[in-house]
Amino acid sequence: MSVPALLSTLPGSPVADSYARLATVFPGLLVRELAADERTPRDDGWVGADELAAGGPALDSFLAWDDAQVLRDYGRQARPDVVASFGLHRYAWPACLLVTVPWFLHRRVPRVPVADVAFQRALGRMAVRVREFACLPDDPAAVLPGARVVPDEEALRGEVRAAVAEHLGPVLEGFRPRMRRGSRALWGMATDEIVEGLWYVAGLLGEEPRAMAELELLLPGTAKPYVGTAGFRELTAPDGRALPTRDRASCCLFYTLRPEDTCVTCPRTCDDDRVRKLTTAAAAG
């Protein structure tokens, strides 16, 4: 399969190179850019981010997939709030990459309101219309239509936080009635999706240390509405190697299905278990 053949780029697009690079290292997510007058896809398994934000039948159908997946894979019914937590994660993780990958790779921050994004989860594809983006003064893209020049790196980090909040805020509200969580917990989940998505992709790019440093600056713990910091720290393997890990700001509730098998970044997972899991994963990889 030729990844570039599956991508759609627009002339003069400020984010095309970033999304193409993402597809090269992570073909499980392909991003198609939409023209200004092109309809956001809705049929054939696509769901609009605005439909998820509305919290109606489209969200019901979206979560039915997660409900069936849990029953199939774990042989038990999950609580409705657990299903909603899984569904939110499976949307928010790739959605955050629409913003964070162009920022990380090319220092460009697209605005992606919910009306301009759609998701096809079965195929691992997203469609996005980028009308506006922020960049630094020395970026050649500063002359493109829709460019908004900001003075420095901290201002650009503010644009990242604002763009993700603009997109995820309505989506969190759509999921909220099904989640049994308050605003602080939901924005803690948003913090985790930003960090863990870019951290993973940066590892594929061979730039994990830079991503960790960038994310620490992006999420210092005082940037509202986000809750918590990037939370990175290091553990030591039995052979002395450093093992990067982080402490999540939220819980994905996987423990409700398998209490004995918590996630490696879960606050419920002790450091001894983290070292064991990370060492095993490194050996297998």
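**Figure 1. Helix α5 in the predicted model spans residues 80–106**. The helix comprises 27 residues, and its first and last C-alpha atoms lie 40 Å apart, close to the 39 Å expected at 1.5 Å a residue. A kink of about 40 degrees is found at Leu98, shortly before the proline Pro102. Most of α5 is covered, with 23 of its 27 residues buried. Arg107 follows the helix and has a positive phi, near 55 degrees.

**Figure 2. The largest nonpolar core contains 77 residues**. Within this core, Phe62, Leu88, Tyr91, Phe175 and Leu215 have the most contacts. Helix α5 supplies the largest share of the core, 17 residues. In soluble globular proteins, nonpolar side chains tend to be buried together.

**Figure 3. Surroundings of Leu215, one of the residues with the most contacts inside the largest nonpolar core**. When neighbours within four places in sequence are set aside, Leu215 is in contact with Ile194, Val195, Leu198, Trp199, Ala230 and Phe232.

**Figure 4. A salt bridge joins Glu166 and Arg111**. The closest N and O atoms of the pair are 3.4 Å apart. Glu166 belongs to helix α6 (residues 153–179), whereas Arg111 sits in the loop between β3 (108–110) and β4 (117–120); the pair therefore ties together parts that are 55 residues apart in sequence. Glu166 has a relative accessible area of 32% and is therefore partly exposed.

**Figure 5. Glu196 and Arg246 form a salt bridge between buried residues**. Here the closest N and O atoms are 2.9 Å apart. Because Glu196 lies in helix α7 (residues 183–205) and Arg246 in strand β9 (residues 242–246), the pair ties together parts that are 50 residues apart in sequence. Both Glu196 and Arg246 are buried.

**Figure 6. Arg241 and Asp239 meet through their side chains in a salt bridge**. The N to O distance is 2.7 Å. Arg241 has a relative accessibility of 37% and so counts as partly exposed. Asp239, at 53% relative accessibility, counts as exposed.

**Figure 7. A network of salt bridges links Arg107, Glu153, Glu207, Arg210 and Glu214**. Arg107, a member of this network, is the residue that follows α5 and has a positive phi. In the model, the count of salt bridges comes to 32.

Key:
Residues are numbered from 1 along each chain as its sequence is written. This is a predicted model: local features need pLDDT of at least 70, side-chain atom pairs count only at pLDDT 80 or more; totals for chains, interfaces and linings use all residues. Side-chain values use heavy atoms; hydrogens and water are left out. Helices (H or I, at least four residues) and strands (E, at least two) are DSSP runs, numbered from the N terminus. The expected span of a helix is 1.5 Å times one less than its number of residues. The bend at a residue is the angle between axes fitted to the seven residues ending there and the seven starting there. Buried means under 20% relative accessible area, exposed over 50%, partly exposed in between (1.4 Å probe, protein chains only). A nonpolar core is a set of buried Ala, Val, Leu, Ile, Met, Phe, Trp, Tyr and Cys residues joined through side-chain atoms within 4.5 Å. Contact means heavy atoms within 4.5 Å. A salt bridge is a side-chain nitrogen of Lys or Arg within 4 Å of a carboxyl oxygen of Asp or Glu.
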